[in-house]
Amino acid sequence: MKKKTPPVLRDSDFSFDDTATVMLSTHDHLFQLALFLNEAYLLQLARIEDLFIGDLPHPCFFYHNEEARLVYILIARPLQPEADLAFTDYNTMLLIRGREAWKVQQEIYDDVRNRRYGTAIGSAIEPDKTDLLEHKHWEKCNLLADSIQNIDIFGFGSLKGLVSTLRLTDDAPTLFPVDPASTTSNENRAIARYHKTLQNFLDQTFLALQIHLCEEVEL
């Protein structure tokens with residue numbers, strides 16, 4: 001996964017209606033997280049030039065699955081102390097664009113949550129060892145989950161409405177969606193503030209990606 005020249009997309013427009021967001025914290029380097037994602041979900045995330053968002057360079061990995069019509073962008077929090085507040089409780093952002101983006105987003109969230117903070121249900125149950133492919137996938141998902149300390153998923157599209165698993169406490173975000181009736185007014189205000197912060201940052205990120213990944217037009 002060596003650093004490469006910027007890739008190009010025929011359609012480099014990202015929007016809230018077609019782009020799912022995963023915010024997470026990891027104790028590993030970005031290239032290690034990219035490797036875990038590649039192995040768990042058969043991706044080919046590769047390092048590209050830093051993405052400049054708000055004048056700060058953000059380390060970035062990119063993969064375009066043309067057959068599935070899915071684009072994956074892995075973006076790390078910049079080293080500078082003035083990093084956007086969207087990264088206050090996270091250090092990595094995964095953007096998934098395409099028709100199946102929301103399905104993939106939920107799959108990743110469930111794979112991590114069920115292993116780190118839930119019981120052995122769904123994809124967390126160990127498959128029969130004679131099923132080599134499924135067992136290998138299970139093992140790779142375990143490695144991915146072990147590298148992640150925090151994960152939440154978000155979406156702000158007009159078609160699906162607000163998607164968010166965030167519940168803020170005095171200490172840190174949690175991994176579990178809760179009934180809004182069980183949150184306090186202070187928590188609800190904090191959640192709303194973060195939603196606005198993330199949405200504003202994504203606006204900047206989508207514009208930066210459009211410039212960074214646009215297909216050059218010959219004059």
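I count a contact when heavy atoms lie within 4.5 Å. This is a predicted model, so I kept local features to pLDDT of at least 70 and side-chain atom pairs to pLDDT 80 or more, while totals for chains, interfaces and linings use all residues. Residues are numbered from 1 along each chain as its sequence is written, and side-chain values use heavy atoms, with hydrogens and water left out.

**Entry: Phe154**

I started with Phe154, which sits in strand S6; strands are DSSP runs of E of at least two residues and helices are runs of H or I of at least four, numbered from the N terminus. Its relative accessibility is 0%, so I noted Phe154 as buried (under 20% relative accessible area; exposed is over 50%, partly exposed in between, with a 1.4 Å probe and protein chains only). Leaving out residues up to four places away in sequence, I found Phe154 touching residues including Ala20, Met23, Tyr90, Trp102, Val163, Leu166 and Leu198. I also looked at Leu95, 59 residues away along the chain: the C-alpha atoms of Leu95 and Phe154 are 10.0 Å apart.

**Entry: H1 and H3**

Next I asked at what angle the axes of H1 and H3 cross. Helix H1 (residues 30-41) and helix H3 (residues 132-147) cross at roughly 155°, and their axes come within 8 Å. That makes H1 roughly antiparallel to H3 (over 145 degrees; under 35 is roughly parallel, 65 to 115 roughly perpendicular, the rest oblique). The axes are lines fitted to C-alpha atoms over the stretch in contact, with angles from 0 to 180 degrees between N-to-C directions.

On the H1 side I listed Leu33, Phe36, Leu37, Glu39, Ala40 and Tyr41, which meet His137, Lys140, Cys141, Leu143, Leu144 and Ser147 of H3. The residues of this contact divide into 8 nonpolar, 2 polar and 2 charged (Ala, Val, Leu, Ile, Met, Phe, Trp, Tyr, Cys and Pro are nonpolar; Asp, Glu, Lys and Arg are charged; the others, Gly among them, are polar).

I then checked what is buried in H3: His135, Trp138, Cys141, Leu144, Ala145 and Ser147 are. Their cover includes strand S1 (19-26), H1, helix H2 (101-116) and strand S6 (148-157).

**Entry: positive phi**

Leu42 has phi near 55° and lies in the loop between H1 and strand S2 (46-53). Leu42 is exposed, at 70% relative accessible area. Asp55 has phi of about 70°, in the loop between S2 and strand S3 (56-65), and is exposed at 74%.
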